[in-house]
Structure formats: C-alpha cells, structure tokens
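Have a look at the sequence and the fold first, then read on.

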Amino acid sequence: QRKDGGVKKKNLMAAYNGLLFVCGRAQRPDIGVRLVYAMRKEGLEPNEINYNNYNAGKRAREIFMASQQESNRQRVFAKLLPRLDMVKQYENLLLVECKKYDSRDRRHSKDKLVRIIV
C-alpha cells in the first residue's frame, strides 16, 4: 500500500470542493448531486463542508448578480423561473446526501426525521 494515499484523497476532496463551488455559482445542483455520488464511488464520504462549498458558490453568484444591471430579458426569465424551477428539489437532495445525522449533534435536533422501511 502506498503512503501517499492520504495525500491523494485530500487532493481529490479539494478538487470536488472546487467543483461543488462552481456548481453553486452556475446554479446547477443536479450536477452537484452527481458529484456527491461520484465522491462516494471514489471512497470519499461527503460532509457538510462540501455542501457549504456549494452554498458559497451560490452566494458568490447572488452577489455578482446583484452588482450587475438586470436586462429586461433577465427579468422576464426570473418571472418564469419559479414555475420551471427544479433547483430547490436538487438542493434539498444535495443537503440530504451531504449531511450526516448524529443523535448527539444538537444543531439538527429540531429537524424532522423520516424512517423508511423497505
């Protein structure tokens, strides 16, 4: 077994974090979910840090869009977006995939949990 396996995993995690930031900036949580599944396939466990990187990209986009002048076309698109929007559903899925629930963690004590019996 090679000694640099830990370094490789750190580099992979950093790359995935960067990609999740870009997904947040591009407002593409569907690709973010695919990246999380790819992380699991590589043997990396997604966590809240990955989700926070997606949110950081999303905030960067919001700041950029607020500083720009919106054209009339963007305003019309923004009115149609809530009807066609699947972004929130994918963001919820991304949150579920990245969050680890621990009974001792009090930050998530008020979250509603659902038990799925198969």
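Buried residues (under 20% relative accessible area, with exposed meaning over 50% and partly exposed in between, using a 1.4 Å probe and protein chains only) make up 23% of the 118 residues in this protein. Keep in mind that this is a predicted model, where local features need pLDDT of at least 70 and side-chain atom pairs count only at pLDDT 80 or more, while totals for chains, interfaces and linings use all residues. Residues are numbered from 1 along each chain as its sequence is written, and side-chain values use heavy atoms, with hydrogens and water left out.

**Overall layout**

The protein has five helices and zero strands, counting as helices the DSSP runs of H or I with at least four residues and as strands the E runs with at least two, numbered from the N terminus. Its accessible surface (Shrake-Rupley method, 1.4 Å probe) is about 9700 Å², and 54% of that belongs to carbon and sulfur atoms. If you take contacts (heavy atoms within 4.5 Å) between residues at least 6 apart in sequence, 78% of them join residues at least 24 apart.

The average pLDDT (the predictor's confidence in each residue, from 0 to 100) is 80, and 73% of the residues score at least 70.

| Helix | Residues | Mean pLDDT |
|---|---|---|
| H2 (highest) | 29–42 | 93 |
| H4 (lowest) | 72–84 | 54 |

Where pLDDT is low, the predicted coordinates should not be read in detail.

**A look at H3**

Helix H3 covers residues 48–67 and spans 29 Å from first C-alpha to last, close to the 28 Å expected at 1.5 Å a residue; that expected span is 1.5 Å times one less than the number of residues.

Which residues of H3 are buried? They are Asn50, Tyr51, Tyr54, Asn55 and Gly57. These residues sit on the same side of H3 because they cover an arc of only 155° around the axis, taking directions from the helix axis to the C-beta atoms. Their cover includes helices H1 (5–25), H2 and H5. The face turned away from that buried side carries the exposed residues Ile49, Ile63, Ala66 and Ser67.

**Glu91, over in H5**

Glu91 lies in helix H5, residues 87–98. Is Glu91 buried or exposed? Glu91 is buried, at a relative accessible area of 4%. Leaving out neighbours within four places in sequence, Glu91 is in contact with Pro29, Tyr51, Tyr54 and Lys58.
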